[in-house]
Amino acid sequence: MSDKSELDNLVSRYNTLKTEINKVIIGQDAAVESLLTAVFSGGHCLLVGVPGLAKTLMVNTLSKALGLSFSRIQFTPDLMPSDITGTEILDESRQFRFIKGPIFANIVLADEINRTPPKTQAALLEAMQEKAVTVSGKAYRLEEPFFVLATQNPIEQEGTYPLPEAQLDRFMFNVRLDYPTFNEEMAIVKETTVDNNPQIDVVLSAQDITGYQRTIRHMPVVDNVCEYAVRLVTATRPTGKGETLADKYISWGAGPRASQYLIIGARTHAALNGKYSPDIEDVRAVATNVLRHRIVRNYYAEAENISTDDLIEKLKTEIAI
């Protein structure tokens with residue numbers, strides 16, 4: 001099958017996938033699309049939203065529709081690294097045997113990831129970057145495809161630990177979930193207060209997903225699209241000259257991984273929307289989710305109540321197409 005026919009096939013399967021997810025998830029269309037974009041890009045995703053917005057249900061439903069193995073880790077202050085990666089035990093024959101932890105699944109839901117100390121959060125770093133776990137000097141490969149989909153509550157600060165910058169950078173997307181509209185909430189109330197248990201059909205297999213990921217990475221990207229992505233990321237970094245938006249409002253900008261994710265995300269966004277090559281609009285479509293957690297505002301931005309999203313929008317309009 002040619003790459004073009006493979007991409008056409010992907011669009012059809014993607015629409016079917018959204019239909020299956022919508023059997024359970026009402027509204028949150030933008031969040032579902034962002035989550036699927038991250039999955040087909042092969043990236044990890046951080047879902048940020050107040051309790052009750054179906055973050056956990058969304059990830060669980062996605063794993064069912066994709067036919068992937070799924071595990072959930074509830075992050076708590078007393079969680080240990082071995083509770084994530086697994087541990088060695090001494091068996092009856094006096095030999096050490098490795099018992100795999102919940103990280104050994106295709107989709108790992110890290111629920112309320114900021115509730116555990118940095119030492120335990122760091123247990124995910126190697127898995128997210130290298131797709132492997134090292135225990136007692138021995139490396140264990142994780143099965144492909146592998147995604148960490150983490151949730152975080154933005155309003156509770158007591159008993160939470162800020163995610164280290166190195167770990168935040170491992171997430172391709174930071175997706176914010178908003179409250180449903182009035183009509184959506186009406187539909188949620190009607191659907192969830194009766195005895196209703198919709199069946200989710202499996203749309204894709206692990207092999208299908210890895211195949212589509214390879215096809216997406218083969219999509220051609222013209223130089224001006226790459227140029228726009230790199231210029232956008234560069235514009236988030238203060239120059240120290242006091243002349244740019246970043247100089248005025250940003251204390252720390254995005255690194256090169258942001259440029260890589262912008263192009264990978266743009267490829268996937270283009271593919272899922274029936275295009276064979278991404279353009280600048282595809283870069284702009286994924287820019288907020290890619291850059292949101294990679295920009296650190298300074299005191300002036302906070303004092304003037306300018307959010308990170310506001311800064312990204314201003315930068316998108318400042319960078320000439």
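Leaving aside its neighbours within four places in sequence, which residues is leucine 66 in contact with? Keep in mind that this is a predicted model. Once those neighbours within four places in sequence are set aside, leucine 66 touches Leu17, Val39, Ile107, Val202, Leu204, Ser205, Ala206 and Ile209.

Now zoom out from that residue. Leu66 belongs to the largest nonpolar core, a group of 71 residues, and is listed with Leu17, Phe40, Leu262 and Leu291 among those with the most contacts inside it. If you want to know which element gives the most to this core, go to helix 12 (residues 256-272), which supplies nine residues. As a general point, nonpolar side chains in soluble globular proteins tend to be buried together.

Next, the helix packing. A pair of packed helices is described by the angle between their axes and the distance between those axes. Start with helix 1 and helix 3: their axes are 10 Å apart and the packing angle is about 130°. Angles over 145 degrees would count as roughly antiparallel and those from 65 to 115 as roughly perpendicular, so helix 1 ends up oblique to helix 3. The crossing of these two is right-handed. At the contact, helix 1 brings Leu17, Glu20 and Ile21, while helix 3 answers with Thr61, Leu62, Ala65 and Leu66. Sorted by class, that makes five nonpolar residues, one polar and one charged.

Helix 3 also packs with helix 2. Here the angle is about 50° and the axes are 12 Å apart, which means helix 2 is oblique to helix 3. This crossing is right-handed too. From helix 2 come Ala31, Val32, Leu35, Leu36 and Val39, and they meet Met58, Leu62 and Leu66 of helix 3. The class count for this contact is eight nonpolar residues, with no polar and no charged ones. Notice that Leu66 turns up in the helix 1 contact and again in the helix 2 contact.

On to the backbone. Most residues other than glycine have a negative phi, and most peptide bonds are trans. Glutamine 28 isn't a glycine, yet has a positive phi of about 55°. You'll find glutamine 28 in the loop between helix 1 (3-21) and helix 2 (29-41). Is glutamine 28 buried or exposed? The cut-off for buried is under 20% relative accessible area, so glutamine 28, at 14%, counts as buried. Alanine 54 is another non-glycine residue with a positive phi, this one near 70°. Alanine 54 sits in the loop between strand 1 (44-48) and helix 3 (55-66), and because its relative accessibility is 27%, it counts as partly exposed.

For a cis peptide bond, look at the link between glutamate 144 and proline 145, where omega is about -10°. Proline 145 lies in the loop between strand 7 (138-141) and strand 8 (147-152).

One last stop is arginine 214, in helix 9 (residues 206-217). With a relative accessibility of 52%, arginine 214 counts as exposed.

Key: Residues numbered from 1 in each chain as written. Predicted model: local features only at pLDDT ≥ 70, side-chain atom pairs only at ≥ 80, totals over all residues. Heavy atoms only, no water. Helix = DSSP H or I, 4+ residues; strand = E, 2+ residues; numbered from the N terminus. Buried < 20%, exposed > 50% of the residue type's maximum accessible area, 1.4 Å probe, protein only. Core = buried A, V, L, I, M, F, W, Y, C linked by side-chain atoms within 4.5 Å. Contact = heavy atoms within 4.5 Å. Axes fitted to C-alpha atoms, helices over the stretch in contact; angles between N-to-C directions. Parallel < 35°, antiparallel > 145°, perpendicular 65-115°, else oblique. Left-handed = near helix turned anticlockwise from the far one by under 90°. Nonpolar A, V, L, I, M, F, W, Y, C, P; charged D, E, K, R; others polar.
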